[in-house]
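Dear colleague,

Please find the structure below. My notes on its aromatic rings follow.

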Amino acid sequence: MSALAQTLMPEAQACADDYEATRKVGLQRLMQHGFPDQKTEAWKYTPLRVLEQRETQTEPRTMGEPAALPAWPVAGTLLHFDHGILQCDPGELAEGLTLMPADPKALEQRDFDALYGGREGAFSWLNLARFDHAWHLQVSGEHTVIMATTTTDAFSADVHPRIRIEVLPGARLTLLQDQTDAGQGLVNMNCEIDVAEGAQVEHVLCCKNHESVWVQRTDVDIHKAAEYRVVAFDRGGRLTRHDLTMRLREGTAHGEIDGLVVMDGHQHVDWHTEIVHCTGHTNSREAFRMLAGGTSVGVFNGRIHIFPDADDSHSDLNTANLLLSDQARVNIKPELEIYSEEVTASHGATIGQLDDRSLFYMRSRGLSEAESLALLKYGFAAEPLMQIQTPAIRDWALEQLKEAL
Amino acid sequence: MSETVEKIESRLQQRYTAGFTTDIESDMIRPGLDEEIVAMISAKKNEPEWLLEWRLKAYRHWLTMKAPNWAHLDVPAVDFQAIHYYASPKQKNRPKSLDEVDPKLLETFDKLGVPLHERARLAGVAVDAVFDSVSVGTTFQKELEEAGVIFCPMSEAVQKHPDLVRQYLGTVVPHTDNFFAALNSAVFSDGSFVYVPKDTVCPMELSTYFRINARDTGQFERTLIVAEPGSKVSYLEGCTAPMRDENQLHAAVVELVALEQAQIKYSTVQNWYPGDENGKGGIYNFVTKRGDCRGDDSRISWTQVETGSAITWKYPSCIMRGDRSAGEFYSVALTHNHQQADTGTKMIHLGKDSTSKIISKGISAGKSNNSYRGLVRVAKKADNVRNYTQCDSLLIGKTCGAHTFPYIESANAGAKIEHEATTSRIGEDQLFYCRSRGLDEEEAVALIVDGFCKEVFKELPMEFAVEAKALLEISLEGSVG
Amino acid sequence: MLKIKNLHVSVEDQEILKGLDLEIGPGELHAVMGPNGSGKSTLGYTLAGREDYEITSGSIEFDGEDLGEMEPDERAAAGLFLAFQYPVEIPGVNNAYFLRAALNAQRKARGESEVDGVEFLKMVRESLKGLDMDESLLKRAVNEGFSGGEKKRNEITQMAVLQPRLAILDETDSGLDIDALKLVAEGINRLRDGQRSFLVITHYQRLLDYLSPDHVHVLSDGQIVESGGPELAHRLEEQGYAHLERASA
């Protein structure tokens, strides 16, 4: 593991700017805790061998033209991270959107220990130690923001983009996050979303990864009468890990997570979601589905955590998983950690295969076996995507699903 | 509602009726653990050389291990050098029959509701009574012998059936398995040995009653049950300990081997001293129990009712090695005051068409924390596996916690696995409904909790289902008016 | 059209059909009645080609072809339709999309051109109207959350759109109230054109009141034990099946 620390944390990395103190904290914690191994509970199903075998470059980072961008179904303000660097002129944003460097003092005062913990949070500490820029986007009014993350074939670096999105009281944000990679590097992204009182966020996270290692952490705070809904559509990658934590901070906060992972080949995808009811009168739900083909490995850890005295909290998590090949594996762990009495919390989990009866029913109506299987898979996979509220994005995602199956 | 909670809470401040101490002289070896102690225990039991070697190997391995810290438990450091690893009531020789057993011991088991003498024995249940580190007597020996069933203390089995013990000991739970299993393998004192021959249905329930009495001792029993092809046996254990301010350690190992078409049913009613309402004292119950469905079409069923112990760390598990083999786990775990429980099961599917079922009911009250932790694993070659898991938690009061940590791992595309978990409290509407039909609050709570646990109680042998229900009711009783 | 000779069928090594003979000509409507466990549903599933329904001996010919050799979808393309006793719910698959995909798959297999969306919608709407079905059912997932009656009417809608040459209706009447029963019967009658054949499997005679069957057969313990005209159904209704069960016991 020390080799990994060596590669990713060279002594001679230093950007002399206002964030030095924050980076020092990140570095110190990373050195103290180290990188996770398979004895680290939160990483037991996700070995880092692929990353250990790679030599990523930290400096200098040579870049040519940014990667080409696809067409999106909605118009919006584009924040494009290419090789971890934001390709955007803060002055050119639409009115109501303010992009600025994060306040260094605010970062220094944050209690990151409570957020990232120990060894399990190594990549978050790494991000804190190594980020180039820490961005802060403020949103007021009603906006659609497209946040694209790309790399090119020549990519062999490790990059640590960092952004905090603050959705101000009463604002409405549609956030389409579309990310893909080329090359063989490490993208270690950290995203914070703060949904202020009465604000509403629809977050669609689409990722299609290839050979790069992708580690991403998203921390969402939801305040009074605010709503946050995320639909994640993950089409796999060589090694990807997502940590999505949703904290219901104040009464009447509402949060929903829908997830779909479609894996094939020798992909390894690990999703850890956590819903934290910090206080009472809060509602949440989560539905997460994985389809594992080829020799892929899917990991899903979904935790519901209800604090003491968070009475009248309600949460339900459901995960359904399909193993589509003899070589695929799925490891799932839904968790409940409940410290309050007047709550309802439940989860259900299934692992199985496509239903024989449905298959027969479809074939008896004239569809071939292949057509029936494709339609059944599509039906299973489409449900989480149907939760996307913006019709154009929903249809776009469903089109992509057809392509993926 | 808070008034209701208070009432339920006060009802949970049960008096621990098994908390008395028996005043009997004890033969204890010095506290501490080293190779000499291991050799002393082995010598006390007049064990063969191979068994001493086996113990020493386990001890040396234990030295390289660390106590597990992954459970949702707050375990104070245990000073393993302060424990007496062997204590037995002083008797001149091992009694040849129950008539020779010290009357004080007989009286102890009488008080615990487990009479051993012939006139008062439980009908149809053979009992082996273990007091601290040794077995004081086993009932119905003759009747069992006639059926060909061996049911005796482990120390006796080592002498009389050394080949059987050697063949199976440590084959389900190897000494390397975990910290407490290694410790047990080094210092195990007594426990029960059961052997059911081919095509034999054991003519009666077998039961072991464990009693910790001596101060500063640990109890490290080891139980081994072997069911030959086509045989069937039902076994029950019960446990109690005196009320003491210090914590005492109980680290048992239970191994079950079911060969082709054999069936083993293992039931536990665990009522070790849980400590007082301030969390002082109580037993640390760190137990490794595992059943191996070694033969095709074999079946192992665990049922546990866990109401005692300050800390419970226990995962009775099944390995479905044989094709079409089946594993079951039924559990009720009640925690209150400062009790902590992290308990559940592991269902490891290796055989084709194997099935497993898990029903877990957790009840948390007071300042306790109660966790279900379970693993369902389907190996690559295990085709057509079925598992169903249901975990329900009931919270009583605002200061307790109920947690569920299921691990589900499938490497076979033909497996069907279903898991469901819920957390709730006793509904006001349920209470109101019961009361409007004439039940008082206490009766209503008892009724609802009993209903909540029904699926598990019905798995217990009849005599013990009554006992288990009574045990829960005691926990829910005591503050009338 | 359909010729079943000495058919023996086993499910999980248990023989259910034990030498069944049945012949259905073009345009005929046959009813098969019988007590629970006589093998009625097994007959339906076997004709539709469900896996695990193993033909151990005997033969089924459909238009001169050996049905036993065909996959379920090939049978559908050849014009065979089974209305399920318990229609399967398929979450996530749109009801209209499914039906159109099925129709076009069948047409393609027969070398016919595909039906476009507009034409398809016209066909479906017509069928729905007669069945008093709400169009919103088309937008929902296949049978998901449908009431028992809605599921059965959805089966009849599919039948009307797919236009099979032989329709097998497996206890389509069960769980329907009298109004729904009439609608379903009308739906069936509308499709009777002198060429299309029907095999109606039922426990009760009441559906037959609206269908006027050409032949009625009694199935008991895996065999047809009696055949006759519509009057046989009435006799069974009066006498019940008890005498059959005694005879086979």
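A residue is called buried under 20% relative accessible area, exposed over 50% and partly exposed in between (1.4 Å probe, protein chains only). This is a predicted model, in which local features need pLDDT of at least 70 and side-chain atom pairs pLDDT 80 or more, while totals for chains, interfaces and linings use all residues. Residues are numbered from 1 along each chain as its sequence is written, chains are lettered from A and ligands numbered from 1 in the order in which they are written, and side-chain values use heavy atoms, without hydrogens and water.

Chain B has 481 residues, 64% of them buried.

Rings of Phe, Tyr and Trp (its six-membered ring) pair if their centres lie within 6.5 Å; planes under 30 degrees apart are stacked, over 60 edge-to-face and the rest tilted. Over all chains there are 30 aromatic pairs. One of them is tilted, because the planes of B:Trp70 and B:Trp313 are at 40°, with the ring centres 5.8 Å apart. The two residues are 243 residues apart in the chain. B:Trp70 is partly exposed at 43% relative accessible area, whereas B:Trp313 is buried at 6%. Both belong to a cluster linked by ring pairs, whose members include B:Tyr59, B:Trp62 and B:Phe286.

Charges also sit over rings (NZ of Lys or CZ of Arg within 6 Å of the ring centre and within 35 degrees of the ring normal). B:Arg222 lies over the face of B:Phe188, 5.9 Å from the ring centre. In chain C, the charged end of C:Arg50 is 4.6 Å from the ring centre of C:Tyr45.

Regards

Technical notes. Helices (H or I, at least four residues) and strands (E, at least two) are DSSP runs, numbered from the N terminus.
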